Amino acid sequence: MQTHVRSALHSGDLTKEEMDEIVLQFAAYYGFAKGEALADAVEKAWATMPG
């Protein structure tokens, strides 16, 4: 999951705000625990963004 999230953010195809919205939708449909895991992956990927 980390690789996919990092690739999406680094490619510029998604903004951080768009990814955060995906996390909310994911948590609503697949459960809080899975949403939290995705949110953690997003935050780790965002921390590695250049600049």
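Modeller: Here it is; bear in mind that this is a predicted model. Let's begin with Val5, which lies in helix α1.

Colleague: Is Val5 buried or exposed?

Modeller: Buried, because its relative accessibility is 5%, and the cut-off for buried is under 20%.

Colleague: What is Val5 in contact with, leaving aside neighbours within four places in sequence?

Modeller: Met19, Leu38, Ala41, Val42 and Ala45.

Colleague: Which residues make up the largest nonpolar core?

Modeller: Nine of them: Val5, Ala8, Leu9, Met19, Val23, Leu38, Ala41, Val42 and Ala45. Each of α1 (2-11), α2 (16-30) and α3 (32-47) supplies at least two.

Colleague: Which helix gives the most?

Modeller: α3, with four residues.

Colleague: What about Ala41, what does it touch beyond four places in sequence?

Modeller: Ala41 is in contact with Met1, Gln2 and Val5.

Colleague: New topic. How do the axes of α2 and α3 cross?

Modeller: At roughly 165°, and the axes come within 7 Å. That angle is over 145, so α2 is roughly antiparallel to α3. The crossing of α2 and α3 is right-handed.

Colleague: Which residues of α2 and α3 meet there?

Modeller: From α2, they include Met19, Ile22, Val23 and Phe26. On the α3 side, Phe32, Leu38, Val42 and Trp46 are among them.

Colleague: How do the residues of that contact divide into nonpolar, polar and charged?

Modeller: Eleven nonpolar, one polar and four charged.

Methods: Residues are numbered from 1 along each chain as its sequence is written. This is a predicted model: local features need pLDDT of at least 70, side-chain atom pairs count only at pLDDT 80 or more; totals for chains, interfaces and linings use all residues. Side-chain values use heavy atoms; hydrogens and water are left out. A nonpolar core is a set of buried Ala, Val, Leu, Ile, Met, Phe, Trp, Tyr and Cys residues joined through side-chain atoms within 4.5 Å. Buried means under 20% relative accessible area, exposed over 50%, partly exposed in between (1.4 Å probe, protein chains only). Contact means heavy atoms within 4.5 Å. Axes are lines fitted to C-alpha atoms, for helices over the stretch in contact, and angles run from 0 to 180 degrees between N-to-C directions. Angles under 35 degrees count as roughly parallel, over 145 as roughly antiparallel, 65 to 115 as roughly perpendicular and the rest as oblique. A crossing is left-handed if the near helix is turned anticlockwise from the far one by less than a right angle, and right-handed if clockwise. Ala, Val, Leu, Ile, Met, Phe, Trp, Tyr, Cys and Pro count as nonpolar, Asp, Glu, Lys and Arg as charged, and the others, Gly among them, as polar.
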